[in-house]
Amino acid sequence: MTATEQPASQLPPATILGYPRIGRRRELKRAVEAFWAGRLSEDELVATAADLRAATRARLVGLGLTAEGGAVPESFSFYDQVLDATLALGAIPARFGEQTGSDLATYFTLARGDSEHQPLEMTKWFDTNYHYSVPEIDERTPFAARPDSLVAQYREAREQGIETRPVLVGPVTYLLLAKASDDAGNGFDPISRLDEVTAVYAEILRALAAAGASWVQLDEPALVSDSLRVPRTEVLTLVERAYAALGGAVERPRILLTAPYGDSAAAATRLAALPIDAVHADLVRGDLPAAALADGSLAAALADKQFVAGVVDGRNIWRTDLRAAFETLGALQAAGINVVVGTSNSLQHVPHDVSDETKLDARLKSWLAFADQKVEQVAVLAKGLAGESIEQDLAEVDRVLADRDAAPGVHVDEIRARVAAAGEPDRNRVTEGERRDAQRTLNIPQLATTTIGSFPQTPEIRKARASFVRGEIDTAAYEGFLRDEIASVIRLQEEIGLDVLVHGEAERNDMVQYFAELLDGFAVTEHGWVQSYGSRATRPSILWGDVSRPAPMTVRWSEYAQSLTDKPVKGMLTGPVTILAWSFVRDDQPLGDTASQVALALRDEIADLVDAGIGIVQVDEPALRELLPLDRARQAAYLDWSVGSFRLATGGAGAGVQIHTHLCYSEFGEIIEAVDGLDADVTSIEAARSRMDVVEPLGDHGYSRGIGPGVYDIHSPRVPGVDEQTELIRIAAARIPGEQLWVNPDCGLKTRGYDETVASLKNLVTAAKAVRAEA
Ligand SMILES: CN1c2c(nc(N)[nH]c2=O)NC[C@@H]1CNc1ccc(C(=O)N[C@@H](CCC(=O)N[C@@H](CCC(=O)N[C@@H](CCC(=O)O)C(=O)O)C(=O)O)C(=O)O)cc1
Ligand SMILES: N[C@@H](CCS)C(=O)O
Ligand SMILES: [Zn+2]
């Protein structure tokens, strides 16, 4: 039987794990934000979402997925897939009280908070730049199946003539990503409630089966991570327990269990033995166990199920090497495995469609594949597996890959020679003590106050930039606008009484894209939006060639800001690791090599800033933790090149130049050694939400550099009072000497409004003064 003649119960030969849900023109963002602003009714929002889903399904079928049999995933979300699971499980934390509005109103209250409730915390989803809403679970959290919206979406698709596959975060991953709520007893771990939660999943599956769903997809990326609370071997045992129960349920759709974002090889044979119907593995970042594949034991274990081979990369935008992927698939099929062609993970991390890009260089464009093109690739590979000739497609990709390799700018001899010549001495500054002495001329007070860099990106700033991009205002008008903005931000900081000022980053559309636009080797997109969290998105730049800096990037803005004040103004750069993490990077050389090129460009920028009279330069690395491999075995090598690239960027700064860095979204305790290794003079970190928990490991570690644990949580419009910030500074000051301790917010202020920013910063300065006076 060929793959096109699968029995009805089989998953069709091509599928993807998920698709972007924000819409090709960010229709969902606009609708959701209009709803929040009261400009759109709930019915209108719901209708817009339904239209988007219908368009997505139709497109996926148009691109080659089968309309029947569950090939099309139903992976829509209004805000976040983990939050969707929280609602589907009825796991509303008690602190939100009785929610009397609609389900959607409750959903957004959990996501965003309201005047009485802090929102659920947001944190990074595995090693991606996507953020999920962290479930809060305790011994009493109620669990009750709420499958209504999953069932409704499935039915909606059926009415459209498409039989979709509902997608849900699986029970083990859900609980391992959850945190114990503040009401939980000491030592409580949400995973202790796995059996109850699994029973609720079984009910959800029953409801889907009753609605007619033939397949459901449960995502268990916890299977590939060494960064969770329990060791990976135990995750596998938990998965076995949960799926033995789910698989044994009488009324259920067929279950596809996925293991995206990493290597599940060590678990493969045991996953194959689960009483479910299909398993997936990410074959881009991981493998199948070679020995079990060779001796036939894996195929034997998989005999009663399908295997979704994640050979098309859902994390980047390059055209897949179809010939290599086809060889992998062919070998699996030859080994007797019932193969379905799939993606490594959900395509939610890539933009919609390359053909939307009208300004990209045609040659570069021919190398790219966004979500739609990846769906087509999956479909082509499936045809090949079914015995159709796809040689033309394979040859076309061979040609494209060769063209990419030979294109001007991809390998630039001077850049490579400079990287090769960079040695250890270039990564080492003089000792910390010598630098501390040299930096005394900066006259930084004890408990110095500062901010992280950005001031509010007001609608006026965004509008001015949009007008400039559209050609409605000229360069002089736009730059005049930015200078006025900088002048006003400097004036404001002087009035507030901050010690170390910033220029405010008004000129930046994004802290990575801004640099990518000014560096050679990068391209930027018009419509390549990727969801970062909720309604917010970024346009990751495309790092396609060797990177160099044709001209200074930030110097004139920092120099202008410094000319307006006697206080020190920090220069503000994004570090090499973060520039890589938040871009789509080339996949034809080790990341460390690419990072060195970016680092050298930044090194030149720092030299120019210093020449222009800037004495303090902050190099942000909020993504340092994010890129830490999920697989422990690969972490040391990562830390080596990532820390090395930061040191290469900053290593040219003289002893008197104070280098700052900033990290947010970090489990700081986990990477404290790496942060120490950065050898920055001052590091600001997120700490307000965890009430300075981080200070403890710092004290234990004997941390001797400058440190600024955030005392103002910038994630919500709430204004932290003087007392609250004083208390946090006191906690830090009890552990960290005043000359080492900096007082700052958790992160940049770009998403905040001016009213709350000014009030919060005034309180911050008052609080710092109060604690200074206590010394
Ligand atoms: C610190 N964070 C960042 C991450 N990744 C990045 N690449 N950058 C980051 O800063 N990851 C971790 C966190 C995630 N946090 C955020 C926070 C905020 C946003 C966000 O607000 N995104 C905006 C888009 C920002 C942007 O690129 N703006 C551009 C384009 C603006 C735009 O949409 N223009 C409109 C027209 C505007 C008008 O006429 O008024 C249009 O094109 O239609 C700019 O400023 O020029 C968002 O809206 O989602 C993201 C991640
Ligand atoms: N300098 C940046 C860092 C964000 S992580 C900002 O202030 O927005
Ligand atoms: Zn930050």
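This briefing describes a predicted model of a protein chain with its ligands. Local features are reported only at pLDDT of at least 70 and side-chain atom pairs only at pLDDT 80 or more, while totals for chains, interfaces and linings use all residues. Residues are numbered from 1 along each chain as its sequence is written, and chains are lettered from A and ligands numbered from 1 in the order in which they are written. The protein chain is divided into domain 1 (3-405) and domain 2 (442-510 + 557-774), with bounds that come from an automatic or database domain assignment.

**Domains and their contact**

- The C-alpha centres of domain 1 and domain 2 are 34 Å apart.
- Domain 1 contributes 20 residues to the contact and domain 2 contributes 13 residues; two residues are in contact if their C-beta atoms, placed from the backbone, lie within 7 Å.
- On the side of domain 1 that touches domain 2 there are six nonpolar, eight polar and six charged residues. In this classification Ala, Val, Leu, Ile, Met, Phe, Trp, Tyr, Cys and Pro count as nonpolar, Asp, Glu, Lys and Arg as charged, and the others, Gly among them, as polar.
- The UniProt annotation "domain: Cobalamin-independent methionine synthase MetE N-terminal", from an unreviewed entry, covers residues 15-334. UniProt positions are given in the numbering used here, feature names are shortened, and annotations may be inferred rather than shown by experiment.
- Over residues 15-334 the chain is 41% helix and 13% strand, with its end C-alpha atoms 20 Å apart. Helices (H or I, at least four residues) and strands (E, at least two) are DSSP runs, numbered from the N terminus.

**The nonpolar core**

- The largest nonpolar core has 230 residues. Such a core is a set of buried Ala, Val, Leu, Ile, Met, Phe, Trp, Tyr and Cys residues joined through C-beta atoms within 7 Å.
- Helix H24 (residues 591-611) gives the most to this core, with nine residues.
- Domain 1 and domain 2 both give residues to the core, so it lies between them.
- The residues with the most contacts inside the core include Phe307, Leu381 and Val617.
- Beyond its neighbours within four places in sequence, valine 617 is in contact with Lys570, Gly571, Leu573, Ile606, Leu609, Ala653, Val657 and Ile659.

**Ligand surroundings**

- Ligand 1 is surrounded by 18 residues, and the closest are Ala466, Asn509, Ser532, Arg536 and Thr538. A residue counts as near a molecule or strand if its C-beta atom, placed from the backbone, lies within 6 Å of it.
- Helix H19 (459-469) and strand E15 (536-538) are the elements that give two or more residues to the shell around ligand 1, and H19 gives the most, with five residues.
- By class, the shell around ligand 1 has seven nonpolar, five polar and six charged residues.
- Among the residues that surround ligand 2 are Asp620, His662, Cys664 and Cys747.
- The shell around ligand 2 divides into six nonpolar, four polar and two charged residues.

**Annotated binding site**

- UniProt, in an unreviewed entry, places the feature "binding site" at Cys664, Glu686 and Cys747.
- These residues span 84 residues in sequence, yet no two of their C-alpha atoms are more than 6.8 Å apart, so they gather at one spot.
- Cysteine 664 lies in the loop between strand E20 (658-663) and helix H26 (672-678). Cysteine 664 counts as buried because it has 22 C-beta neighbours inside 10 Å; a residue is buried if 20 or more other C-beta atoms lie within 10 Å of its own, exposed if 12 or fewer, and partly exposed in between, with C-beta atoms placed from the backbone.
- Leaving aside neighbours within four places in sequence, cysteine 664 is in contact with Pro622, Glu686, Asp746 and Cys747.
- Glutamate 686 lies in the loop between strand E21 (682-685) and helix H27 (695-701), and it counts as buried with 24 C-beta neighbours inside 10 Å.

**Individual residues**

- Phenylalanine 126, in the loop between strand E2 (122-124) and strand E3 (131-133), has a phi near 45°, a positive value in a residue other than glycine.
- Glutamate 505, in the loop between helix H20 (475-496) and helix H21 (513-518), has a phi near 65°, likewise positive in a residue other than glycine.
- Leucine 168 lies in strand E5 (residues 164-169), and its C-alpha atom is separated by 6.3 Å from that of aspartate 219, 51 residues apart along the chain.
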